[in-house]
Amino acid sequence: MSDDKERTVELHYEGGVLKLPVFTGTEGENTVELKTLLGSTGMTTLDPGFGNTASCSSKITYIDGAAGILRYRGYPIEDLAVHSTFLETAYLVIYGELPEPGQLKEFSDKLRDNADIPAEMGAFIDAMPRNGHPMALMASAVNTLAAYYADSADPGDEEQVELATIRLMAKLPTIASRIYRNSIGETPIDPDDSLDYVDNFIRMTFGDNAPTGELGDLFNKAVGMLLVLHADHELNCSTATVRVVGSSQADIFASVASGINALSGPSHGGANQAVLEMLEEIRDSGISIEDFLEKVKSREVRLMGFGHRVYKNFDPRSKEIKVLASQILDRDENPDELFALALKLEAAALEDSYFTERKLYPNVDFYTGVIYRTMGFPTNMFTVLFAIGRLPGWVAHYREQLHDPAFRIARPRQHYIGSAERRHPSQG
Ligand code: CMC
């Protein structure tokens, strides 16, 4: 943010004129600072869903929704998806730079050393309802990390925050795969420190059923790339939640658990599950794509996996994921039927003025579900995979906020439209 306070905009109101500073971001975007508005004019702003409000300055991720640009720490997502592993990307997002080989080894070794969870925590996860949604179980398990690891729960101690970062990154795949194994009635599998991060997660999840050889390599590459594509997305609902909860000085475990809960909704991370359910429903009901789109246009249903608050053009992540889906699902003469249906649905929507006029394009969730399904992940695990991918972003934002000189507890105002003062019945 530029500290050039020369540039201002003027707000003309009944009481006079207020000059408000304009800050220019790295990419030339302008932000009007409203800090003095209430004190000077007595007025607040109303911005439902914060569509127009920057609540902080951040150096982590840049998005240009109109141009379809996404960069982590300045690096285009297209380059990271192809040339960087998930651990390299996580390191970049959290610490600000791509790791040197020695730094990557140290980071990776620490994650291997911390991947186990305490036996009591394992028993706690095993005691949770096995048919419960894994996102609810995962959020609960992550919340308890502050109790098992109270020695890394102080946001005021940098070393503790660093230790908690490693513990979260190391243990989330272990927690997720244990929840999955329980849900299918199989014994949980302990982490194997001879495997890399993604392979270890796949093995803890699928055990001996994990694909090997060429297919195993393809699955590892695909899961890794999907995690990279989800690693951060600036102030989305779950990341904003992590920041809001963390702004009260809540520990990082509580803040990330809150982010997992925010992610679970179908308008956010839960959309990847909702897309697959939508495709299955279209297939099973036999409804034509044209008739389904009519239902969308009459607002009976939403076209899940389409539309985005920020992207008013193609979501760059969806382009990468579509290519990946083609590599995995179109490999033989017998293409995956849900992928084929998704392709037709996308094509029909993009020819329809309802979607083009509203600038509704496929988002990150449109094709992820069909890939995860082919790998054998059940539908309700899709959002869990999103959470594993998004963890570096949540952690990076929590940490950045701790060092922000402009940091204050998050406390929005409201526009009150309830009753004016009235007499209590006891007063006659
Ligand atoms: N299907 C049909 N109509 C839509 C859709 C959709 N998926 N998305 C937006 N619209 C319409 C909406 O009804 C409105 O029309 P009108 O102006 O006539 O009232 C217009 O487009 C603008 O939509 P909005 O609801 O004001 O947009 P928003 O920025 O508040 O919502 C969204 C963004 C992602 C919640 C929404 O597009 C949506 O519900 N999409 C489906 C769910 C989904 O795929 N979510 C994943 C988002 S990307 C990953 C993530 O964030 O986790």
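## Terms and basis

Contact, or touching, means that heavy atoms lie within 4.5 Å. The model described here is predicted, so local features need pLDDT of at least 70 and side-chain atom pairs count only at pLDDT 80 or more, while totals for chains, interfaces and linings use all residues. Residues are numbered from 1 along each chain as its sequence is written, and side-chain values use heavy atoms, with hydrogens and water left out.

## Overall form

The protein contains 18 helices and six strands. Helices (H or I, at least four residues) and strands (E, at least two) are DSSP runs, numbered from the N terminus. The C-alpha trace spans about 70 × 60 × 55 Å along its principal axes.

For 428 residues, a compact globule would have a radius of gyration near 22 Å, and the protein agrees with this at 23 Å. The radius is taken over C-alpha atoms, and the globule rule is 2.2 Å times the number of residues to the power 0.38. Among contacts with a separation of 6 or more, 69% join residues 24 or more positions apart.

## Surface and charge

Of the 428 residues, 47% count as buried. Buried means under 20% relative accessible area, exposed means over 50%, and partly exposed is in between (1.4 Å probe, protein chains only). The protein exposes about 21,400 Å², and carbon and sulfur atoms supply 49% of that area. Accessible areas come from the Shrake-Rupley method with a 1.4 Å probe; for residues, only the protein chains shown count as cover.

There are 40 positive and 62 negative charges, and their mean positions are 6 Å apart. Lys and Arg count as positive and Asp and Glu as negative, whereas His and the chain ends are not counted. Each charge is placed at NZ of Lys, CZ of Arg, CG of Asp or CD of Glu.

## The nonpolar core

A nonpolar core is a set of buried Ala, Val, Leu, Ile, Met, Phe, Trp, Tyr and Cys residues joined through side-chain atoms within 4.5 Å. The largest one has 111 residues, of which Met138, Val142, Ile175, Met278, Leu303 and Leu345 touch the most other members. Helix H18 (residues 382-402) gives this core its largest share, 11 residues.

Leucine 303 shows what such touching looks like in detail. Apart from neighbours within four places in sequence, leucine 303 is in contact with Met278, Phe292, Leu293, Val296, Leu345, Ala349 and Phe355.

## Helix H3 and threonine 89

Helix H3 (residues 86-95) is mostly covered, with eight of its 10 residues buried. These are Phe86, Leu87, Thr89, Ala90, Tyr91, Leu92, Val93 and Ile94. After H3 comes glycine 96, which has a positive phi near 105°.

Threonine 89, in helix H3, counts as buried because its relative accessibility is 0%. Not counting residues up to four places away in sequence, threonine 89 touches Tyr72, Ser84, Val228 and Ala231.

## Arginine 399 in helix H18

Arginine 399 is located in helix H18. Its relative accessibility is 18%, so arginine 399 counts as buried. Isoleucine 252 is 147 residues from arginine 399 in sequence, and their C-alpha atoms are 8.7 Å apart in space.

## Residues in loops

Methionine 128 sits in the loop between helix H5 (119-127) and helix H6 (134-148). With 11% relative accessibility, methionine 128 counts as buried. Leaving out residues up to four places away in sequence, methionine 128 touches Leu137, Ser140 and Ala141. Threonine 41 is 87 residues from methionine 128 in sequence, and the C-alpha distance between them is 52 Å.

Valine 310 belongs to the loop between helix H13 (289-297) and helix H14 (316-329). Its 31% relative accessibility makes valine 310 partly exposed. Valine 310 is in contact with Ile63 and Gly65, leaving aside neighbours within four places in sequence. Valine 310 and glycine 51 are 259 residues apart along the chain, and 8.6 Å separates their C-alpha atoms.

Most residues other than glycine have a negative phi. Arginine 73, however, has a positive phi near 50°. Arginine 73 lies in the loop between strand E5 (69-72) and strand E6 (75-76), and is partly exposed, with a relative accessible area of 22%.

Lysine 359 also has a positive phi, near 55°. Lysine 359 is in the loop between helix H16 (353-357) and helix H17 (365-375). At 42% relative accessibility, lysine 359 counts as partly exposed.
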